[in-house]
Amino acid sequence: MAKSIGKNSTPQRPNRSKTFENYWDQKDVEEGLRNESLFEGVLRINPKNYKEAYISAPDGTEDFLIEGILHRNRALNGDIVVCEMLPTQTANKECEKSFAESPSSPNIQQNEQPITPKNLAAASELKENISKVTEKEVQCVDADLAASREVRGAKTLGPKNRKKPKKLMENVSNLNLGAELQDKSGLKTPSTMAENVTNLDNPAEEQRKRTRRPRKKKNVIVENLTAQLSASCTIEDSLTKTTTVQVETLSVVLQNKSHINTAGTIDENSQQNPNIVNTPRKIAKVVFIKELKHSRCAIGSLRQWPYGQSGPLPSWILFAPKDHRIPRLKIPFAPELASCLLQPNMLYLARIDSWEDVNHPLGSLCYFIGKSGDIEAETIALLLEHEVDYGDFPQEVFDDLPSLPWSIPTEEIKKRRDFREQCIFTIDPADARDLDDAVSGRFLKMADDGITRLYRVSVHIADVSFFVQDNTVLDGIASRRATSTYLVDRVIPMLPSVLCEHVCSLNPGEDRLAFSVEWIVNDKGEILEEWFGRSIIRSCVKLSYDHAQAVIEDREIVNCPEIKGPYSVAEIRETILVLQELAGYLRKKRVDQGALRIDLPRLAFSMDWETRTPIGFRVYELKESNRLIEEFMLLANMRVAEKIYGVFPALAVLRSHPPPPGHKLEQLADTLQTIGIHLDVTSSATLQESLLRYGQGSSDPISMGRNLVISNLLAKPMKCASYICSGVVKKEEKFRHYALSVPFYTHFTSPIRRYPDILVHRLLDAALEQESLDHWEQSVVKRLLDNCNSRKLAAKALQETHSELHLANLIRKSGSIEVKGIVLAVLDHSVDVVLIYLGIIRRLYIEKLPLKMTHEKYNGIGKLTLVWDPESPGSQPTHQVISVFSLLEILLVPHAENDKLDFTLVLQRPNYVQ
């Protein structure tokens, strides 16, 4: 609990008597891991309660709790740490008290100092002193700078007259924030983090840089900071524009709604989850950080130092990260920073330099981003926070790439199998530009028994590894980026556009290099013959999923794209139907073998591509045409995995999905059984049967909502799939993919947007050419794949957050939006709900609504009874009972703080009286 502050008191400096323990010696750590007195794992900090962190137990049982910042010992979310087990239920109360008193706690209001005459006078004097410093700075700014400022909406400056954004701090390791980016869509963004976000070529040096204690030095600020901040105020406010918002799929926009003040600021950490039984917890503490996965960078804002000052100007500035899992930093004050304090609601990138003070690590500012609440600034902040390299590719990369127009060399054609005379096409999202897979298929003949039907089907994947050669500059950049990042209004590509959209993309009517897999299969989905090899293809048409779905549903193809080559619409339709029939056989076979599918909806937007802004939203719908392509991509990935592992058992790049901890699934099944939901968690197959029984695939709100709750609850104990090197993991049972229920799986089908696929292509080529890979080292492959795992998770988190930012922006423009939500968990003053037509989980606060509320708990499951105040004199109060699976009417409204790009949930009064 935070310490109470009286009306006439001043904030007290948090207790500084507590210090971090020294890290264990490397040799002692290695010995402890060997004798199992220590264990290692990935640190996970609770985003809703920074004082709680968790690490998986080595035996797969209940997670260990790491309680308090002292026991976390400077580790941050995602770090690989080594821990020592502590006696059960040991609580770190002293640390909790000390840290709760610190303004780094999200529970404390943002204006830390109480309003008193004394404090007002001091604040006024401080502001006056800072203003004087700022005025002196402004006089020194070059007058010509104002004329060169970029204003949003102006034409893009050419390379010669475009000025680069300035860094706040010099000599910031691992950051290169000096080059402006203009992405392939023409959308301008500030400068990017360096491509060497993680120095894969020299991990030891990277670890040394990120763990060493930096030298004490002055907090040097570039002289143009004041002008840069002033320029930010001239940027056109996009919120003043009138935008028509179309909300799809039963999401209704309520025009001209008045603003609703909600209970969005209720302290969510003060509520205890009634579903959690108070049982002894396994406790641990961090004794060593084995690998610093977290960048030690954060996005946030600047505030005055809340603990007084020693002179007319402050010694420190407080940096408050947006991510509450990162403590607040103290930044050394410099005169150049005075203007920062006078312009609130600005976003900065800061970095932890050292961490001796438990409550406030010492930090430095790296970069000024923009105004909080501005969609472009918020997007750049997310990219920087997740360490996504979104800068231009260096010129030396293009020196080794083909120029356009490009044609396949004659000598290369002779080396490959020619598929150009076959009916091959792509099926992708309508706006896709990086087409990396194509398919073909036809009925071949009847088998000798006269009953079984035989088919020839092939999958063709862009041969990216032909252009991205090993140990080149481009290969290094691609390995660090590891994945393309797909945002609402842009794509951050893994490879240059000349490859993504042209030379490698399987565009219709153009000869392309491919890696192909061809099968002869029967109508039971059994493979009778198989061929792998490099090939040449020529796609005849680019179809969207909607085009293919129209064929499957026996409808006319609306706006059918031009077909290149001697093929008719009828031939395209026939091929799609053959593939659809085969996909059904393959899917049935997978399900019979125990494949599990947990469908979690994904938010999608309708875009105005001229302005690159969303005009509506919906849940991305997976249709039969999506499943069709998915089946053949899964088959190709599984078959290639077996091939490369068979030839290179010590180097194969595989995709592993460990089974969930059995005890967690059993606990979930027991909990759900108390409310009438019976899940069989014996295996992935029985779990899939249970999901089908409870409405998986249903479209009505009740069944859909119920399945959403079950799916979200099931997703929590599930472990993430990851890329592994077979020679490092060694045990074949750990190669298995739990959800797909197959022994071997890899990623082969998306080399334009995933780096592991490029590695798999190289392995497959070596296997086919019978080449040895003696120059490949397991440790290098593991390091590359570890980075791919980190980058994939970061991209996923970034995509989800960016989607919610744009949703918040739509809500802010429209005023409010009505949606339906189904209850996932019941707390004492709030409920967690899944927004059915958005797929988003949010907390809905109830305490400040015009009603009386009673919380009860039965068998560990919470229930709220609400009595709404009468709407008018003489009318009756409205009664409402909320429990898990309750369907609620919810209004989404903009956040109460105008500069915060977020939204709040407001429970609507039910339209019935009990």
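The turns below go from the whole chain to its sheets, helix contacts and single residues.

Trainee: What kind of model is this, and how are residues numbered?

Mentor: This is a predicted model, in which local features need pLDDT of at least 70 and side-chain atom pairs count only at pLDDT 80 or more, while totals for chains, interfaces and linings use all residues. Side-chain values use heavy atoms, with hydrogens and water left out, and residues are numbered from 1 along each chain as its sequence is written.

Trainee: How many helices and strands does the chain have?

Mentor: Helices (H or I, at least four residues) and strands (E, at least two) are DSSP runs, numbered from the N terminus. On that basis the chain has 21 helices and 35 strands.

Trainee: What percentage of the residues of the chain count as buried?

Mentor: Buried means under 20% relative accessible area, exposed over 50% and partly exposed in between, with a 1.4 Å probe and protein chains only. The accessible surface of the chain, from the Shrake-Rupley method with a 1.4 Å probe and with only the protein chains shown counted as cover for residues, comes to about 42400 Å², and 49% of that belongs to carbon and sulfur atoms. Of the 914 residues, the buried share is 52%.

Trainee: Among contacts between residues at least 6 apart in sequence, what percentage join residues at least 24 apart?

Mentor: Contact means heavy atoms within 4.5 Å. Among contacts in the chain between residues at least 6 apart, the share that joins residues at least 24 apart is 72%.

Trainee: Which strands stand at the edges of the open sheet of 5 strands?

Mentor: Two strands pair if DSSP finds at least two bridges between them. The order in this sheet is E15-E22-E21-E18-E17, with mixed pairing. Each edge strand has a single partner, so one side of it is left without a neighbour in the sheet; these strands are E15 (417-418) and E17 (437-446).

Trainee: Which residue in the turn of the E21 and E22 hairpin has a positive phi?

Mentor: Val517 has Phe532 in E22 as its bridge partner. The hairpin has 4 residues between its strands, and the one in the turn with a positive phi, about 80°, is Gly525.

Trainee: In the open sheet of 3 strands, what is the average twist from one strand to the next?

Mentor: The order is E31-E32-E33, with antiparallel pairing. E31 (851-858) and E33 (878-882) stand at the edges, each with a single partner strand, so one side of each has no neighbour in the sheet. From one strand to the next the twist averages 15°.

Trainee: How are H13 and H14 oriented to each other?

Mentor: Axes are lines fitted to C-alpha atoms, for helices over the stretch in contact, and angles run from 0 to 180 degrees between N-to-C directions. Angles under 35 degrees count as roughly parallel, over 145 as roughly antiparallel, 65 to 115 as roughly perpendicular and the rest as oblique. H13 (residues 545-552) and H14 (residues 569-592) pack at an angle of about 80°, with their axes 9 Å apart. The two helices are therefore roughly perpendicular.

Trainee: Which residues in H14 do Ala548, Val551 and Ile552 meet?

Mentor: Those three residues lie in H13. Their partners in H14 are Arg573, Ile576, Leu577 and Gln580.

Trainee: Is Leu341 buried or exposed?

Mentor: Leu341 lies in helix H7 (residues 338-342). The relative accessible area of Leu341 is 15%, so Leu341 is buried.
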